[in-house]
Amino acid sequence: MPMSSDTREPVPAARPVIGEEEIEAAVRVLRSGRVVQGPEVAAFEEGFSELVDGRHCVAVNSGTSALHLLLLALGIGPGDEVIVPSFSFAASANAVRLTGADVVFADIEPGSFGLDPAAVEAAITPRTAAIMPVHLYGHPAAMDALMPIATKHCLAVVEDACQAHAAALNGTPVGAFGSGGTFSFYPTKNMHSLEGGMITTADAEIARTLRLLRNQGMEQRYANEIVGANMRMTDVSAAVGRVQLGKVLGWTEQRRANAAYLDRHITAANVTVPPVAEGARHVYHQYTVRVHGDRDAAMARLNEAGIGNAVYYPTPIHRLKPYWEPDQKAGRNWDLPETERAAAEVVSLPVHPSLSPEDLDRIVAAVNSLGEMQ
């Protein structure tokens, strides 16, 4: 029986927070006249370091820039291969291509949606230079298995933690496992700086190289040491980020509590709630379920009920035009069954900290109604 349209205000899939504190911080910096790569950026880097076991932090203008510059700082370029999951946002692979290196796609684990260690090991060749685990939706990838593989083969590990602020595995925060980690501060992330990114690394020399790369290759004005670019973060963004940094752990606990409520109350037989690996701290950038059956019809029903929802990501990267066409010409056909299955089944539901108890009950009722569609 079709569900009648809900006349109440829709429950949004995401709700970026820009409160008075963020506005006041931005205005304060604008009035100071020092708005680019100044004391706010340095303070933001220092504060964020506490989330990643004290690693060096380098702020840039986006999560994509963070990935790109980290790869460059690690010396990755033409002739190299980087193993990347195809089930991710295109930026993960784009950053590799921008260095001139080749992307090698590996399949994912069905539970965490992260790289499958066995698939990674099978994909390693003499040209492999790095592995890029993506901590998708806020769930840490299987770093306990991936790091030994990287060590065995002398490979760099570039963590794409753009969706996973404050996530951890066995007590170690994401961004503190590999050669370096990257975070995004896009407005819909668990915390934001209007726009921006952060790179983390334990290596002081890599950190210095990153600071050069983001600032036209110079530390001192007009004393260019290497070829760089302008990928700096503004002090306005950093000031907003510092306010958000003070709130992100509280917001994270609310996300986790919201997810726990949904876990307990979603009972539709044709919906699988997101599993959490042992030892993993999932921070629920997205609450992503699997819908078994007609996903389009299920999403239409959720929309009728006023429940925001979305598919991240409907097309795996290896099937996107910039990757599919060159791979077909080169005779490369990726066998990624778990990736294809995830892309056909996933739906992300609201889990953000602005949800009210009534919102949660509406989400549960709408999702459970999907069981009638079997």
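Gln286 lies in the loop between strand S11 (280-281) and S12; helices (H or I, at least four residues) and strands (E, at least two) are DSSP runs, numbered from the N terminus. At 12% relative accessibility, Gln286 counts as buried, a word used here for under 20% relative accessible area, with exposed meaning over 50% and partly exposed in between (1.4 Å probe, protein chains only). Leaving aside neighbours within four places in sequence, Gln286 is in contact (heavy atoms within 4.5 Å) with Tyr137, Tyr312, Ser348 and Val351.

Before you explore further, please keep in mind that this is a predicted model, in which local features need pLDDT of at least 70, side-chain atom pairs count only at pLDDT 80 or more, and totals for chains, interfaces and linings use all residues. Residues are numbered from 1 along each chain as its sequence is written, and side-chain values use heavy atoms, with hydrogens and water left out.

**The chain as a whole**

- The protein chain holds 13 helices and 13 strands.
- Its radius of gyration is 21 Å, which agrees with the value near 21 Å that a compact globule of 374 residues would have; this radius is taken over C-alpha atoms, and the globule rule is 2.2 Å times the number of residues to the power 0.38.
- The C-alpha trace of the protein chain spans about 70 × 55 × 35 Å along its principal axes.
- Of the 374 residues in the protein chain, 55% are buried.
- Among the contacts with a separation of 6 or more, 72% are between residues 24 or more positions apart.
- The accessible surface of the protein chain comes to about 15,600 Å², and carbon and sulfur atoms account for 53% of that surface. Accessible areas come from the Shrake-Rupley method with a 1.4 Å probe, and for residues only the protein chains shown count as cover.

- S10, S12 and S13 form an open sheet of three strands in the order S10-S12-S13, with antiparallel pairing; two strands pair if DSSP finds at least two bridges between them.
- Strand S10 (271-272) and strand S13 (346-349) stand at the edges with a single partner strand each, so one side of each is left without a neighbour in the sheet.
- Two bridges link S10 and strand S12 (residues 287-291) in the antiparallel sense, and Thr272 has Arg290 in S12 as its bridge partner.

- How many residues of strand S9 (residues 197-201) are buried? Five of its five residues are, and the strand is mostly covered.
- Gly197, Ile199 and Thr201 point one way from S9, while Met198 and Thr200 point the other way.
- Strand S1 (residues 56-60) pairs with S9 in the antiparallel sense over five bridges, with His56 opposite Thr201.
- Strand S8 (residues 180-184) also runs antiparallel to S9, joined by four bridges; here Thr182 has Ile199 as its bridge partner.

**Parallel pairs around S4**

- Strand S2 (residues 81-85) and strand S4 (residues 128-131) run parallel and are joined by three bridges, with Val82 opposite Ala130.
- S4 is also joined by two bridges to strand S5 (residues 156-160), again in parallel, and Ile131 stands opposite Val157 in S5.

- Ala93 sits in helix H4 (residues 91-99) and is buried at 0% relative accessibility.
- Not counting residues up to four places away in sequence, Ala93 touches Val84, Val103, Phe105, Ile317 and Tyr323.
- Gly38 lies in the loop between helix H1 (20-32) and helix H2 (39-48) and is buried too, at 9% relative accessibility.

**Backbone details**

- Most residues other than glycine have a negative phi, and most peptide bonds are trans.
- Which residues does a cis peptide bond join? Tyr312 and Tyr313 are the pair, with omega about 20 degrees.
- Tyr313 is in the loop between helix H10 (295-304) and helix H11 (321-329).
- Ala166 has a positive phi, near 75 degrees; this residue is in the loop between S5 and strand S6 (168-169) and is buried, with a relative accessible area of 13%.
- Leu194 has a positive phi of about 75 degrees although it is not a glycine; Leu194 is found in the loop between S8 and S9 and counts as partly exposed at 36% relative accessibility.
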